Amino acid sequence: MVMNALRTAVRAYSTVQPGVRPGITKGFIGAIGNTPLIRLNRLSEETGSEILAKAEFMNPGGSVKDRAALFVVKDAEEKGLIRPGGTVVEGTAGNTGIGLAHVCRAKGYKCVIYMPNTQSQEKIDLLRMLGAEVHPVPAVAFDNPQNYNHQAARHAESLDNAVWTNQFDNIANRRAHIETTGPEIWAQTEGLVDGFTCATGTGGTLAGTARYLKTQNKDVQIYVADPPGSVLHSYFQSGGKLFERSGGSITEGIGQGRITDNMAQDVELVDGSFNVPDEESIEMLYRLLDEEGIYVGASSALNVVAAVKLAKELGKNKKIVTILADGAYRYQSRLFSRSWLETKKLDTAIPEHLQKYIVLP
Ligand SMILES: Cc1ncc(COP(=O)(O)O)c(C=O)c1O
């Protein structure tokens, strides 16, 4: 009975939207979400648990952040903060900006993006191709008024009919995952998910998904996956006392120096955390390509490393879900370049049989 109802819910959820025929979406916006959950076969066999990865790189803008982009704009519309022809301003390391640029085109808004100038050229170029106005600014700490987020806020304030969508502390971001990602995972696993882990940038994905899954079943284990240079692993390991940061990471879009408002809503739902070194992430990135034919960015590979760690922690015959946040296309000039890998001392982390994938000089 319950299973049948769930199966019907999966079918209904994944194909039908009001006012359109099954299988057809209402424009770009309707194509956001409902991504496949991919069973990673080799890792599932190795761990004795199902390692399931949500293919967020299949969102129409290419990343998990399409969901947040849609919800922060929807929230601004619902609150009357933006009217037709208005401007959306955001501070973003890339993927949210790309999602916002698409959503703004689809809805007829202008889009202005501030970002740290440390981000890959591919992302900056893509934003400009999508019609956004991009301001790469020096990467300075959040408490500096010149931080890209504060510059974005000031830009929006200076305009009429404009909104700073404030992805880090606007909990409409988290709501995207309470209303979409969480229910999709629940339906796709037929309510049998045992653990969920992913890295955090704003924390929206982790917090919103955790909130939904724990509301359905309080025993679902939630683990934060953290790259070097982020403080969250030390925060969770110390029971919320420490904010220690060491090293840096090649991953983009994840890692955090504080508890954002999106994360603050749900910190108590976190059962544990993993620190994932870049050596493990880069090896997994090449393994996913070789073993599964999956071409994703370093943060997605980090998430899969964390999913394997969680599978080991929870014991066999479990279902562990993680996020494939975006594809490798936006980073390929770095991730598959021998000289770049050498400068990061990561070339030796890639096993001999996978070295053939390092095709760029
Ligand atoms: C590239 C990338 N961006 C963003 C996120 C998470 O986003 P947020 O915490 O902002 O929801 C992830 C998480 O895995 C990611 O890999």
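Here is a short chat about confidence, the ligand shell and some helix pairs.

User: What is the average pLDDT of the chain?
Analyst: This is a predicted model, and its chain averages a pLDDT of 93. A score of at least 70 is reached by 95% of the residues.

User: Where does pLDDT stay under 50?
Analyst: That happens over residues 7–12. For that stretch the model has 3 contacts beyond four places in sequence. Where pLDDT is low, the predicted coordinates should not be read in detail.

User: Okay, changing topic. Which residues come nearest to the ligand?
Analyst: Gly201, Thr202, Gly253, Ser299 and Ala325 do, out of 21 residues around the ligand. Two or more residues of the shell come from each of these elements: strand 7 (195–199), helix 9 (204–216) and helix 13 (298–314).

User: And what classes of residue are in the shell around the ligand?
Analyst: The shell has 12 polar, 7 nonpolar and 2 charged residues.

User: You mentioned helix 9. At what angle does helix 8 pack with it?
Analyst: Helix 8 (residues 172–188) and helix 9 pack at about 50 degrees, and their axes are 7 Å apart. The two helices are therefore oblique to each other. Helix 8 passes helix 9 in a right-handed crossing.

User: Which residues make that contact?
Analyst: On the helix 8 side they include Arg174, His177, Ile178, Thr181 and Trp186. Helix 9 contributes, among them, Gly204, Thr205, Arg211, Tyr212 and Leu213. By class, the contact of helix 8 with helix 9 has 8 nonpolar, 9 polar and 3 charged residues.

User: How about helix 13, how does helix 12 pack with it?
Analyst: Helix 12 (residues 278–292) packs with helix 13 at an angle of about 95 degrees, with the axes 8 Å apart. That makes helix 12 roughly perpendicular to helix 13.

User: What meets what there?
Analyst: Glu280, Ser281, Ile282, Met284, Leu285 and Leu288 of helix 12 are in contact with Ala298, Ala301, Leu302, Val304 and Val305 of helix 13. This contact of helix 12 with helix 13 has 9 nonpolar residues, along with 1 polar and 1 charged.

User: Which residues of helix 4 are involved?
Analyst: Lys65, Asp66, Ala68, Ala69, Leu70 and Val73 in helix 4 meet residues of helix 5 including Asn95, Gly99, Leu100 and Val103. The contact of helix 4 with helix 5 has 6 nonpolar, 4 polar and 3 charged residues.

Conventions
Residues numbered from 1 in each chain as written. Predicted model: local features only at pLDDT ≥ 70, side-chain atom pairs only at ≥ 80, totals over all residues. Contact = placed C-beta atoms within 7 Å. Helix = DSSP H or I, 4+ residues; strand = E, 2+ residues; numbered from the N terminus. Nonpolar A, V, L, I, M, F, W, Y, C, P; charged D, E, K, R; others polar. pLDDT = per-residue confidence, 0-100. Near = placed C-beta within 6 Å. Axes fitted to C-alpha atoms, helices over the stretch in contact; angles between N-to-C directions. Parallel < 35°, antiparallel > 145°, perpendicular 65-115°, else oblique. Left-handed = near helix turned anticlockwise from the far one by under 90°.
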